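Colleague: I have a chain on screen and a few things to ask. Can you talk me through it?

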Amino acid sequence: MIYETLHIIASDLANAFVELTEQTGIVELNHVGKLEEDGQMDKVIISLVHVMQEATLKNLPNQIQQDNQVQRLNKKIPLNLYVIFCSNFSDYDNALKNLSFILEYFQAKKVFTDKNTFFNRESEMLRNLADFRFSVELFSPSFDELNQIWGTLGGKQVLSAIYKVSVIDIELRKPQSQVGQITSVQLKTQG
């Protein structure tokens, strides 16, 4: 679901850029360390920075009912994704405008669902995606943390914003066990 989530965000943001700023082809999902390569200039680069398990939701049971059977599945892994949006433009004014647009976009759209989001539903990887829901909030690291993030990513610092995408579930849909469901109880009394 990490792949799907990032592609959904990139597609929806690219669509917003086209509709509201008339800029096409500027949103790209790529590694931040490649910002200085040819073809990466004058783009909004989206890159995964960090993945963290959501500790408060990790012990929820995972089971489904089919007919009169209950299938116990592996527990879902609830994740938060930290995603960086880099406004990598040679013209500083344009970089500032595009970063501002990204902030405005996420201010207006904090929750993504299959009903309110633009993405390529015919794509082979996204074709079977049915119901999804995740929220996005601005993450503001300190100056020291931001310096460490850019040092780890191996690139020079550019205008950017980091967002926390919460909560997506990773799940292997392989049943651990299957048992019959109790549908009625009969009590016999002696008398």
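Colleague: What happens just after H1, at Glu-22?

Modeller: Glu-22 takes a positive phi there, of about 60°. Before we go on, this is a predicted model: local features need pLDDT of at least 70, side-chain atom pairs count only at pLDDT 80 or more, and totals for chains, interfaces and linings use all residues. Residues are numbered from 1 along each chain as its sequence is written, and side-chain values use heavy atoms, with hydrogens and water left out.

Colleague: Which H1 residues are buried?

Modeller: Among them are Glu-4, Leu-6, Ile-9, Asp-12, Leu-13 and Phe-17. Buried means under 20% relative accessible area, exposed over 50%, partly exposed in between (1.4 Å probe, protein chains only).

Colleague: Asp-12 is charged. What does Asp-12 form a salt bridge with?

Modeller: With Lys-109; the closest N and O atoms are 2.7 Å apart. The pair links distant parts of the chain, 97 residues apart: Asp-12 is in H1, and Lys-109 is in the loop between H2 (92–108) and E6 (111–113). The rule is a side-chain nitrogen of Lys or Arg within 4 Å of a carboxyl oxygen of Asp or Glu.

Colleague: Are those two buried or exposed?

Modeller: Buried. Asp-12 has 6% relative accessibility, and Lys-109 has a relative accessible area of 12%.

Colleague: How many salt bridges does the count come to?

Modeller: Two. Glu-28 forms a salt bridge with Lys-43, with the closest N and O atoms 3.8 Å apart. Glu-28 sits in strand E1 (residues 27–29) and Lys-43 in strand E2, 15 residues apart. Glu-28 is partly exposed at 22%, while Lys-43 is buried at 16%.

Colleague: New topic. How do E2 and E5 pair?

Modeller: In the antiparallel sense, over ten bridges. Two strands pair if DSSP finds at least two bridges between them. E2 is residues 43–53. His-50 stands opposite Tyr-82 in E5.

Colleague: How many E5 residues are buried?

Modeller: Eleven of the twelve, across residues 77–88. Ser-87 is in E5, and it counts as buried at 2% relative accessibility.

Colleague: What is Ser-87 in contact with?

Modeller: Leaving aside neighbours within four places in sequence, its contacts (heavy atoms within 4.5 Å) include Lys-43, Asn-98 and Leu-159.

Colleague: Now the largest nonpolar core. Which residues touch the most other members?

Modeller: Leu-13, Phe-85 and Phe-106, out of 29 residues. H1 gives the most to this core, with seven residues. Such a core is a set of buried Ala, Val, Leu, Ile, Met, Phe, Trp, Tyr and Cys residues joined through side-chain atoms within 4.5 Å.

Colleague: And H3? Which of its residues are buried?

Modeller: Leu-146, Ile-149, Trp-150 and Leu-153, in a helix of residues 143–153. Seen down the axis, they fall within an arc of 90°, so they line one face of H3. The arc is that of the directions from the helix axis to the C-beta atoms. On the other side, the exposed residues include Asp-144 and Gln-148.

Note on methods:
Helix = DSSP H or I, 4+ residues; strand = E, 2+ residues; numbered from the N terminus.
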